[in-house]
Amino acid sequence: MNACLLAIDQGTTSTRAILFDPRGDIRGIAQKELKLHYPSNGWVEQNAEDIWRDTRDVCRGALAQAGIKASDVLAIGITNQRETTVVWDRKTGRPVCNAIVWQDRRTADFCAGLKEHEETVRQKTGLLLDPYFSGTKVRWILDNVSGAREKARRGDLAFGTVDSFLLWHLTDGKTHATDAANASRTLLFNIRTQDWDDDLLALFDVPRAMLPEVRDNSCLFGVTGILGAKTPIAGMAGDQQAAFVGQACFAPGMVKSTYGTGCFALANIGADFRVSQNRMLTTVGYRLNGKTTYAIEGAIFVAGAAVQWLRDGLGIIKSAEESEAAARSVPDNGGVYMVPGFTGLGAPHWNPHARGAIVGLTRGATAAHVVRAALEAQAYQTRDLLRAMADDAGFDIGELRVDGGMVRNDWICQFFADMTATPVLRPKVVETTALGAAYLAGLHAGVFSSLDDIQKNWQCARRFAPAMDEGARESLYAGWRHALKQALV
Ligand code: ADP
């Protein structure tokens, strides 16, 4: 039997299509690297037309690689880099300018000027006023692209995050929609009422006429002909929410943490919206059959990127994999700590001015200590996030489900467990983002009858149990808090 689910995984640095069989095993995969443009200090852009072209190519490529016919694809699920903002012309489908990527800081001053509104924004959206989210990016486009605001008011322009833009093209311009999880990252969507919010639209000066319709994460979004048959698009979620579903975090208290370029941890807090008291974000985990499950989210902007820097910036390792042997080659960190604030610090600090630091250097310090410090930093930051989440949610976190490129490193997984005093579980399928999109599509297509059904598919490949004694753990952690203070001044 060849029946498959196709996940489109449109990430920041690449676009992939992955075919899963109904058990969640990978049957085919195709990928294309995606270029980032840095036209000015702090600006990060992408060409949305490249994104669409690559998406079409990898979808066809994955089918060809697996030898699977279009008619065998039961449904498509889309997952995407979140917050990245596209504005396009409804007549031509062409973007009016490059997409503004989530990492772009051009609206920092505008956000700073709105600080008096932050509490209102938090109560409605669960977010903070930061350039990271889409709202101020749309406004920037309307203010800076000639004639854009007038056209947007007339309804001639469409706004969307990457999911919406792809859906629009996949359906030949028939469907302009998004899902509740992606919408919850725009600063324009009220996550209590589950609707675009008129006060927020006024605050950011964004006309309602350009917004997509917001749907559940699993439903019929449209039908596409790009594979050569009529294929339903039945699942959609931003990357972290898709990983949340792929890790089957369906009960309150369940937490996943993804360690790729950055690190994003999401904790399920159930059906009741709650504003974080610890400068974490509240977000839509998923919405199914009109019922919203909320999550508390902590974002660390630099995780695996610190390992890339060890390789490319310092040249002290030749590959990311080498970091594991280097960390193991020394008995401890030798008092060396790294605060990876290369682009400022995210949750719970939200300090765009903080910068990276390596502290505690002595004549005994070696390259291996610095590598170890970069890896250890991810665990200290994870502990900070988990503590804030547990406090916000009012429950203890019993286990941490991890995924992303970094967790191939066994040493770091063990150190996560040791430093957080929490068991760390690495699943069999680590492509949890794409898997989550496939699950959402499969749920609508009838491949899975319920979330329980999906939960049964989740398999643990390795469990890392905490093994460090409390004294050692707390002494290491005190060293991190000390280093952090120095980076935050
Ligand atoms: P993304 O989806 O954000 O592009 P991935 O999930 O593919 O990221 O993870 C890639 C990141 O993981 C890179 O930043 C890389 O430095 C890091 N990485 C990959 N393998 C290892 C390893 N064995 N040890 C530590 N870091 C690793």
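Colleague: Which residues does Leu488 touch, leaving out those up to four places away in sequence?
Modeller: Leu488 touches Leu345, His349, Asn351 and Ala354. Contact here means heavy atoms within 4.5 Å.

Colleague: What kind of model is this, and how are residues numbered?
Modeller: It's a predicted model, in which local features need pLDDT of at least 70 and side-chain atom pairs count only at pLDDT 80 or more, while totals for chains, interfaces and linings use all residues. Residues are numbered from 1 along each chain as its sequence is written, and side-chain values use heavy atoms, with hydrogens and water left out.

Colleague: OK, back to Leu488. Which helix does Leu488 lie in?
Modeller: Leu488 lies in helix 16. Helices (H or I, at least four residues) and strands (E, at least two) are DSSP runs, numbered from the N terminus.

Colleague: Does Leu488 count as buried, exposed or partly exposed, and why?
Modeller: Leu488 is partly exposed, because its relative accessible area is 30%. The cut-offs are under 20% for buried and over 50% for exposed, with partly exposed in between (1.4 Å probe, protein chains only).

Colleague: How does helix 13 cross helix 16?
Modeller: Their axes come within 9 Å and cross at roughly 95°. Helix 13 and helix 16 are therefore roughly perpendicular. Axes are lines fitted to C-alpha atoms, for helices over the stretch in contact, and angles run from 0 to 180 degrees between N-to-C directions. Under 35 degrees counts as roughly parallel, over 145 as roughly antiparallel, 65 to 115 as roughly perpendicular, and the rest as oblique.

Colleague: And which residues of helix 13 and helix 16 meet?
Modeller: From helix 13 you've got Phe415, Asp418 and Met419, and they meet Arg473, Leu476 and Tyr477 in helix 16. That contact divides into four nonpolar, no polar and two charged residues. Ala, Val, Leu, Ile, Met, Phe, Trp, Tyr, Cys and Pro count as nonpolar, Asp, Glu, Lys and Arg as charged, and the others, Gly among them, as polar.

Colleague: What about helix 12 and helix 13, how do their axes cross?
Modeller: Those axes also come within 9 Å, crossing at roughly 40°. So helix 12 is oblique to helix 13. The crossing of helix 12 and helix 13 is right-handed. Right-handed means that the near helix is turned clockwise from the far one by less than a right angle, and left-handed means anticlockwise.

Colleague: Which residues make the contact of helix 12 and helix 13?
Modeller: Helix 12 brings residues including Leu375, Ala379, Tyr380 and Leu386, and helix 13 brings residues including Trp411, Ile412, Phe415 and Phe416. The residues of this contact split into nine nonpolar, three polar and three charged.

Colleague: New topic. In the largest nonpolar core, which residues touch the most other members?
Modeller: Phe204, Met210 and Met389 do, out of 105 residues in that core. Helix 12 (residues 367-393) gives the most to this core, with 14 residues. There's also a second, separate core of 37 residues, with Ala48, Leu170, Ile226 and Ile233 among them. A nonpolar core is a set of buried Ala, Val, Leu, Ile, Met, Phe, Trp, Tyr and Cys residues joined through side-chain atoms within 4.5 Å.

Colleague: What does Phe204 touch, not counting residues up to four places away in sequence?
Modeller: The list includes Phe110, Leu114, Gly135, Thr136 and Leu188. Gly135 and Thr136 are among the buried residues of helix 4 (residues 135-144). The buried residues of helix 4 pack against several elements, including helix 2 (108-113), helix 5 (148-154) and helix 8 (198-204).

Colleague: Now the loops. Where does Pro348 lie?
Modeller: Pro348 sits in the loop between strand 19 (337-339) and strand 20 (357-359). The peptide bond from Ala347 to Pro348 is cis, with omega near -10°. Pro348 is also in contact with Asn278, whose other contacts beyond four places in sequence are Ala388, Asp391 and Asp392.

Colleague: And where does Asn278 lie?
Modeller: Asn278 is in the loop between strand 16 and strand 17. Asn278 counts as partly exposed because its relative accessibility is 23%.

Colleague: What's the phi of Arg279?
Modeller: Arg279 has a positive phi of about 55° although it is not a glycine. Arg279 is found in the loop between strand 16 (263-270) and strand 17 (281-288).
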